[in-house]
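Please keep the sequence and the structure in view while reading.

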Amino acid sequence: MDPQANRSRKTAIIAVLAVLLIISLIFGFWAFSGRQDYKNNVNTKVASAVSQAKSQQSATDKTYYTQLAEQPYKTFSGPSTYGSVTFSYPKNWSAYVDETSANEPVDGYFAPDVVPGIQSDTAFPLRVELVDSDYSDVVNQFEPQVSQGSLTSAAFMPAKLKNSANVQAGVRLDGIIGQDNNNNPLKGSMVILKVRDKTLEIYTQTTSSLQEFDNIILPSLTFAP
């Protein structure tokens, strides 16, 4: 065999072995570093995992017990003279309803446990207003916000009244539905419906109560046309 070729072959073999050795060393260092990191921080990692699991479980438990506390539901029934507006709401909520005004036969405030002062800056989970105003006038008040995009608008018909005669479809608004006493925006959802010669506004001033609004209150809403 040609000595020169033999030397070239040995050089190539040595180069390949050197590359393999370097790769092995790099892999070994990486594996060792990972093992050392796990060894040095295993307690921290375990504690973090336990804390995360407890947090998730706590959130799950909170949702479960909140839903449990809300059942079975209370029922609000408005004056029969003004259409007997009726709906269910969580049993752990309280209500303050003023029915003394001819211009606003129903003015209701609903909140968990105790209803805050109605002049406070509280964003109420549920407000109910039956007003002596034309339906189209009430809806038109929100047209600027719909045009600007701060509110979205969609047709709405109470599920319990879909097959009832003389019931006019209303409108649902989602977004910035109003302001508190300090002019801070209130983000929530509102349904506006014509009830005889009056107009019903039923709404939540906070997105945190949308679950109750969408799953309890609106599905149970009804009135006498």
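Two strands are said to pair if DSSP finds at least two bridges between them. With that in mind, S189 has T204 in β9 as its bridge partner, and β8 and β9 pair in the antiparallel sense over seven bridges. The model is a predicted one, and the points below are grouped by topic.

**The sheet**
- Seven strands form an open sheet in the order β3-β4-β5-β9-β8-β7-β6, and the pairing is antiparallel.
- The edges are taken by β3 (93-98) and β6 (151-156), each of which has a single partner strand, so one side of each is left without a neighbour in the sheet.
- From one strand to the next, the twist averages 20 degrees.

**The helix on the sheet**
- Helix α4 packs on the sheet, where it touches β3, β5, β6, β7 (170-179), β8 and β9, and the direction of α4 makes about 135 degrees with that of β9.
- Within α4, the buried residues include E212, F213, I216, I217, L218 and S220.
- Those residues cover an arc of only 170 degrees around the axis, which puts them on the same side of α4.

**The nonpolar cores**
- The largest nonpolar core has 23 residues, of which F87, L126 and I202 touch the most other members.
- At least two residues of this core come from each of β2 (86-89), β4 (106-112), β5 (126-131), β8 (185-195), β9 (198-204) and α4 (210-220).
- Leaving aside neighbours within four places in sequence, L126 is in contact with F87, W93, G108, Y109, F110, I202, Y203, F213 and I217.
- In soluble globular proteins, nonpolar side chains tend to be buried together.

**A buried lysine**
- K198 is found in strand β9, and it counts as buried because its relative accessibility is 9%, where the cut-off for buried is under 20%.
- The side chains of K198 and D197 are joined by a polar contact of 3.2 Å.
- Not counting residues up to four places away in sequence, K198 touches Y82, P105, L130, V131, D132, S133 and L193.

Methods: Residues are numbered from 1 along each chain as its sequence is written. This is a predicted model: local features need pLDDT of at least 70, side-chain atom pairs count only at pLDDT 80 or more; totals for chains, interfaces and linings use all residues. Side-chain values use heavy atoms; hydrogens and water are left out. A nonpolar core is a set of buried Ala, Val, Leu, Ile, Met, Phe, Trp, Tyr and Cys residues joined through side-chain atoms within 4.5 Å. Buried means under 20% relative accessible area, exposed over 50%, partly exposed in between (1.4 Å probe, protein chains only). Helices (H or I, at least four residues) and strands (E, at least two) are DSSP runs, numbered from the N terminus. Contact means heavy atoms within 4.5 Å. Axes are lines fitted to C-alpha atoms, for helices over the stretch in contact, and angles run from 0 to 180 degrees between N-to-C directions. A polar contact is a pair of N or O atoms within 3.5 Å; within protein, one must be able to donate a hydrogen and the other to accept it, and residues adjacent in sequence count only if both atoms are side-chain atoms. The arc is that of the directions from the helix axis to the C-beta atoms.
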